[in-house]
Amino acid sequence: MSPMGVLLLALLIPIAFILRQYFTIHYPRNLPRVCDEGRWRFRLRTRLRYYTDCQSLFRTAWERYSKHGKTCLVPGLGFRDEVILPASALKWATTQPDQVLNVVAAFEELDQVRYNVGHEKFVLDLWPGWLVKREMNAVLESLMVGLAEEVGVAFDRWFGVQEEWRDVKVLETMKMIVAQCSSRFTVGLPLCRKESYLKNCINFTDQFFITAGTIGACPKFLRPLLGPLMFQFQRINLRRMAKDFQPLLEARMEAYSNTPKSPDEPQDHLQMMIRYAQVNRPEELNLHDMTARLSMSNLGSFHQTSIAATNLIFNIVASDPEFNTISILRDEIKRVLEEQGGIWTKAGIASMIRTDSVCRETLRLYSFGNRAIMRKVMVDDLTTEDGILLPKGAMVSLLTHPAQCDEGIYKDPLRFDPFRFSRMREDGLANLSFVSTGSQFLPFGHGKHACPGRFLLDFELKMMVAYLLTNYDLELPEEYKEKRPENTWIAEALMPPSEGMIRVKRRKI
Ligand code: HEM
């Protein structure tokens, strides 16, 4: 080797060592690495399995450790290692104070918020989320009046009203329908119907996961170089969103700058955000920050919801003929709406237990995310119930898909059984509604940070199913041979097929 080569090597080895010491989390020897037990790091083939067959990697972690009360380590995106807590640790994990196990710090890392929205505060200081919990859920029934109208307008618009059969690309169409419906309770009329606004919001949410995945997969020291480049895509999406949003924000800020809160003012998330910011975050009452806040709020209400709605539609249309799903749901919807005088009420929603069961069964089998209770360890001295000392900065979570598909818990677990949960409820078992969370059903998390949007979602999905089944006939294209198109695992996310179709025809009622 030339003297120059020796010099370079002499410099590079200590730099690599320092970077590794600085950026790597060191796990205790008694924390087993799934498939690589006894090793101090994962083999490349185990790391690759995260990308090529994460479903079986998670199932192995579940069968060997999680289900038996043992903590383990699995490889994650890029250079990440993920601590998987056992199912029995649910209560322990969800009752730790935020200073010990922190949810927003975990999402800061997972979402790469700095390179998605420009600043960490948009997730670390999640005040619009508190408003969903405290204010929106308190006025759910009145918010639902507008939502019920919007569901009809959106389906007519994006599914069409023709009385002939036509093909619909489900995911793409549900993205538009969900964006329009969710925007009704986020920004209200007329912006919720503006196509350019909806498309730009969807572009932002789609790009969000690409940026989070790409930057999250990079070594930490490369992120400040690549991150600002990736942010340029989101900067464009945010600027386009802001263009459509600006007139509404300015009109609201002018109309409500010096007036006390009144019951007559618009009832939507934006109005709640403006009112909150006037008192608590006046520095954020500007187009830039409010657009960023809005885009973050859309993540849950657009992205996860359109995936859930897509799976729901495929599952209903493709469910085994023995269940007679469509006709049973139509009967229940008709009966409940008649009982409630055609109005969507909490009592009506709660009594639709078969529609509820179809929604819960859909998320049991087909959730986008397959881990829950993502938390970052904020202290040096946290020990799990099975005696593992967790290093500060480690990311912990619980597995959801293998837990929700365990034969010991659910009979015939991989089968879509639309009325699995309504039958159990009719047999007197409790806590099995769509919004009930627990160790055997974790798509919304659990405990104090469980998704507060799920109550709204409960209304939204049931309204969509009701409108769809009442107003349309549905079938799968012939070439699908009565089977729904399969979802695909992309690393640990389960995505519905972007090209998957159904055929729809307006019913004569
Ligand atoms: C299928 C749809 C949805 C799924 C699967 C979902 C799932 C989740 C999950 C897993 C969490 C984290 C819980 C935890 O870590 O313990 C969460 C948090 C959250 N979700 Fe959802 N969500 C959905 C729809 C929505 C909607 C429609 C909204 C708003 C209207 C929403 C608002 C929120 C907020 C504000 C949080 C943060 C809660 C906190 O940190 O305290 N989500 N969601």
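In the predicted model described here, the side chains of R157 and E195 form a salt bridge with an N to O distance of 3.9 Å, a salt bridge being a side-chain nitrogen of Lys or Arg within 4 Å of a carboxyl oxygen of Asp or Glu. This pair links distant parts of the chain, with R157 in helix α9 (residues 140-159) and E195 in helix α11 (residues 195-217), 38 residues apart. Helices (H or I, at least four residues) and strands (E, at least two) are DSSP runs, numbered from the N terminus. Because its relative accessibility is 33%, R157 counts as partly exposed, and E195, at 35%, is likewise partly exposed. Here buried denotes a relative accessible area under 20%, exposed one over 50%, and partly exposed the range in between, computed with a 1.4 Å probe on protein chains only.

Residues are numbered from 1 along each chain as its sequence is written, and side-chain values use heavy atoms, with hydrogens and water left out. As the model is predicted, local features need pLDDT of at least 70 and side-chain atom pairs count only at pLDDT 80 or more, whereas totals for chains, interfaces and linings use all residues.

A further salt bridge joins the side chains of K175 and D206, at 3.1 Å from N to O. K175 lies in helix α10 (residues 170-186) and D206 in helix α11, so this pair ties together parts that are 31 residues apart in sequence. K175 is partly exposed, with a relative accessible area of 23%, and D206 is also partly exposed, with a value of 28%.

In total, the structure holds 44 salt bridges. One of them is formed by the side chains of R33 and D81, 3.8 Å apart from N to O. It connects distant parts of the chain: R33 is in the loop between α1 (3-23) and α2 (44-52), D81 is in strand β2 (residues 81-85), and the two are 48 residues apart. Both R33 and D81 are buried.

Attention then turned to the surroundings of the ligand. Of the 19 residues around the ligand, K133, R375, P443, H449 and C451 come nearest; a residue is assigned to the surroundings if one of its heavy atoms lies within 4 Å of the molecule. Polar contacts were taken as pairs of N or O atoms within 3.5 Å; within protein, one atom must be able to donate a hydrogen and the other to accept it, and residues adjacent in sequence count only if both atoms are side-chain atoms. A polar side-chain atom of R375 is placed 2.9 Å from an oxygen atom of the ligand. For H449, an N or O atom of the side chain is 3.0 Å from a ligand oxygen atom, and for K133 the distance between a polar side-chain atom and an oxygen atom of the ligand is 3.1 Å. The elements that give two or more residues to the shell around the ligand are α8 (127-136) and α14 (287-318). Helix α14 supplies the largest share, 5 residues. By class, the shell comprises 8 nonpolar, 9 polar and 2 charged residues, where Ala, Val, Leu, Ile, Met, Phe, Trp, Tyr, Cys and Pro count as nonpolar, Asp, Glu, Lys and Arg as charged, and the others, Gly among them, as polar.

C451 also carries an annotation: an unreviewed UniProt entry places the feature "binding site" at this residue. UniProt positions are given in the numbering used here, feature names are shortened, and annotations may be inferred rather than shown by experiment. C451 is located in the loop between α19 (420-426) and α20 (454-471) and, at 27% relative accessibility, counts as partly exposed. The backbone oxygen of C451 is reached by the side chain of R454 at 2.7 Å. R454 lies in helix α20. Although buried, R454 has no salt bridge, and the nearest side chain of opposite charge, D458, is 8.7 Å away; Lys and Arg count as positive and Asp and Glu as negative, while His and the chain ends are not counted.

At 0% relative accessibility, R364 counts as buried.
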